[in-house]
Amino acid sequence: MQVVPISSHVHHTHIASCHGNNFFRWSVAIRASNVPDVTASNDAPNPFPSLYGKTLVSIQECIDAHLQQKHRDQQSSDHPNNVPRLQFIDASWYHRPDPVTDRFRNPSAEFRSGPRLPNSHRVDIDALATTHELFPRDNPKKLPHMMPPADLFALAMDAYGIRQHNTSHGENFADHVVIYARRGAVFAPRTWFLFVAMGHDPKRVHWMQGSLEDWIESGGDVDYRSLEEDHADGVPHAEGYEDCFDRGILNVSKLYRSRCGRGADVRYRTGASRAANICDKHEVLRAVNEHSSLSNPKDDADDPSIDVSRRNATDAVIIDTRGSGYIQKGHMPSAIHLPYRRMVDPSNPLVLLPKEELHDLFVSRGIRYRDPNLKIILSCGSGVSVCHAFLALTILGREITEENTKIYDGSWMEWGREEEEDLPRVLPGRVT
């Protein structure tokens, strides 16, 4: 299989510093496209109309889109910069040992050894993150896979050759990103949320329903090559970033240390200065205290200034998506238990349940997800399985805003720490 080099002949801006909640000033100009515009007026021409606007995509839809791009590449060796490309992302991540071998699988090693989807990239949520190693002030508690700074995410996208920017005509140009995972890796929605939260056009971020193995069984093209020394260039990357890849895997630490603050030219435009729909422990604590106040109205029952109907309309709920950890380790007061495993097909956890069944899961727990005034805070063990719920709410058509639906990035990994003495918890056998 031929590896297609990613060209990058677009005009771009220059940044001097690379961390913090900085807004970038972008000046991007690309040639006008002669491809018919099949999208909305504020979007650049889109060569994959069957994928556009779909969050969940079938394996066959992905195979068809890949074949379409493959045919276009074969027709011309000159890949135009003004046509979005299809970018496959291997999001495999494991939180428990393999049930057969009782050992943790190494998703990066599996990506290197193959098989992989054609021209795919490996995104490691533990590396592309606000790590204590790179950002000790921002993550002094050494919490795992915290959402990355926007500028680091943009640099990583440049290294992968994944593009998003505004054209000279004011249109939004973005590659299509398809998230997939291997069988046994059930947390691919976390990487889907990563792209959405960092502002990649949500109409062009897709979660493939099914595994890599399902793709192979469906007859899709596969790259079986090993990415060891003799095939180290087997994964596409942008020109000028070769030194940041180790046998096909992006070395995020090296990328940051060698590019950030050193006059890096950043082409990718994030849609936000920081990850969207994220909250901290203080916002969760306010929700816990608010629920406690609503549960004990006697203190303000005689206060005529309290409008109970208004108060109920603006309350908040906390949804905990962990499995057994909710009972075994404890949870936040008032948290509603909705295990992530309940939201996926029991026979294939890389397939989300139909909308009707997802609706029943939320409604049966008294969650008024259709009410945009209801604040929903999602928590789990470490901010990973919560993304199943965020994805489910998206599919259900919830009117999601920056303020009414949030993921607690620290989750129980932070809330359950012994050092967090000020945080109320319902622990096994006692309440604190």
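**View 1. Cysteines of the predicted model.** Cys 62 is buried, at a relative accessible area of 1%, where buried means under 20%, exposed over 50% and partly exposed in between, with a 1.4 Å probe and protein chains only. Cys 279 is also buried, because its relative accessibility is 6%. The model has 0 disulfides, a disulfide being a pair of cysteine sulfur atoms within 2.5 Å. The model is predicted, so local features need pLDDT of at least 70 and side-chain atom pairs count only at pLDDT 80 or more, while totals for chains, interfaces and linings use all residues. Residues are numbered from 1 along each chain as its sequence is written, and side-chain values use heavy atoms, leaving out hydrogens and water.

**View 2. The parallel open sheet.** The order of its 5 strands is S10-S16-S15-S11-S12, with parallel pairing. Strands S10 (278-279) and S12 (336-337) are the edge strands, each pairing on one side only. Strands are DSSP runs of E of at least two residues, and helices runs of H or I of at least four, numbered from the N terminus; two strands pair if DSSP finds at least two bridges between them. S10 and S16 (residues 405-408) run parallel and are joined by 2 bridges. Ile 278 has Ile 407 of S16 as its bridge partner.

View 3. Thr 321 sits in the loop that links strand S11 (316-320) to helix H9 (325-328). Its relative accessibility is 0%, so Thr 321 counts as buried. Contacts (heavy atoms within 4.5 Å) of Thr 321, not counting residues up to four places away in sequence, include Leu 338, Tyr 340, Met 343, Cys 380 and Ala 389.
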